Amino acid sequence: MTERQVRQSGYALTEVLVAGAIASAVIMAGMGGLGLSARGSNRADMARQDVLEARNITARLRAGIDPAQIAEAYPDWQIDISPHDRPVDPLTGATLSQARLLRPHAGSADFTLFLVFLEAGPIGQEEGGQP
């Protein structure tokens with residue numbers, strides 16, 4: 001080998017620095033994408049948990065359990081009960097009620113569910129009717 005060939009074998013310092021900068025940029029972009037994916041997965045898990053708890057609360061309301069007892073069991077939830085089209089059934093005294101279930105989350109959208117359910121009236125309860 002001649003002296004000129006010996007000096008030109010290998011990489012220059014600038015080539016190594018540019019290659020390192022490109023590699024670090026690719027790694028940073030990949031890590032950012034993984035972080036976004038993890039946050040999205042966490043939000044999906046929270047939404048799934050909210051849906052399961054809302055279904056449980058809904059089932060308890062429809063079963064006639066007192067909303068105060070449900071609120072004690074689910075302290076993270078805000079349960080608002082209001083009248084809904086209040087025609088009272090003359091035979092049983094049953095009425096329709098609307099429930100608004102709200103679960104605020106820090107840093108993400110609130111989860112709100114509206115449902116309408118039948119409440120047994122005092123006549124149906126006195127005669128042993130089902131709620």
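**Exercise 1. State what share of the residues in the protein chain is buried.**

Solution. The model is a predicted one. The protein chain holds 131 residues, and 18% of them are buried. The accessible surface of the chain amounts to about 9500 Å². Carbon and sulfur atoms contribute 59% of that surface.

**Exercise 2. Determine how many helices and strands the protein chain has, and in which pattern they follow one another.**

Solution. The count gives four helices and three strands. Along the sequence, these elements are arranged as α-α-α-β-β-β-α. As for contacts with a separation of 6 or more, 41% involve residues 24 or more positions apart.

**Exercise 3. Compare the span of helix 2 with the expected value.**

Solution. Helix 2 covers residues 13-62, which is 50 residues. After helix 2 comes Gly64, with a positive phi near 90°.

**Exercise 4. Identify which residues of helix 2 are buried, and decide whether Ile22 is buried or exposed.**

Solution. The buried residues of helix 2 are Asp50, Glu53, Ala54, Ile57, Thr58 and Leu61. Ile22 also belongs to helix 2. Exposed means over 50% relative accessible area. Because its relative accessibility is 52%, Ile22 counts as exposed.

**Exercise 5. Name the residues that make up the nonpolar surface patch of about 290 Å².**

Solution. Val18, Ile22 and Val26 make this patch. In an α-helix there are 3.6 residues a turn, so residues three or four places apart point the same way.

Note on methods:
Residues are numbered from 1 along each chain as its sequence is written. This is a predicted model: local features need pLDDT of at least 70, side-chain atom pairs count only at pLDDT 80 or more; totals for chains, interfaces and linings use all residues. Side-chain values use heavy atoms; hydrogens and water are left out. Patches are made of residues with over 30% relative accessible area and no salt bridge: like charges are joined within 9 Å, nonpolar side chains (Val, Leu, Ile, Met, Phe, Trp, Tyr) within 5 Å. Accessible areas come from the Shrake-Rupley method with a 1.4 Å probe; for residues, only the protein chains shown count as cover. A salt bridge is a side-chain nitrogen of Lys or Arg within 4 Å of a carboxyl oxygen of Asp or Glu. Helices (H or I, at least four residues) and strands (E, at least two) are DSSP runs, numbered from the N terminus. Buried means under 20% relative accessible area, exposed over 50%, partly exposed in between (1.4 Å probe, protein chains only). Contact means heavy atoms within 4.5 Å. The expected span of a helix is 1.5 Å times one less than its number of residues.
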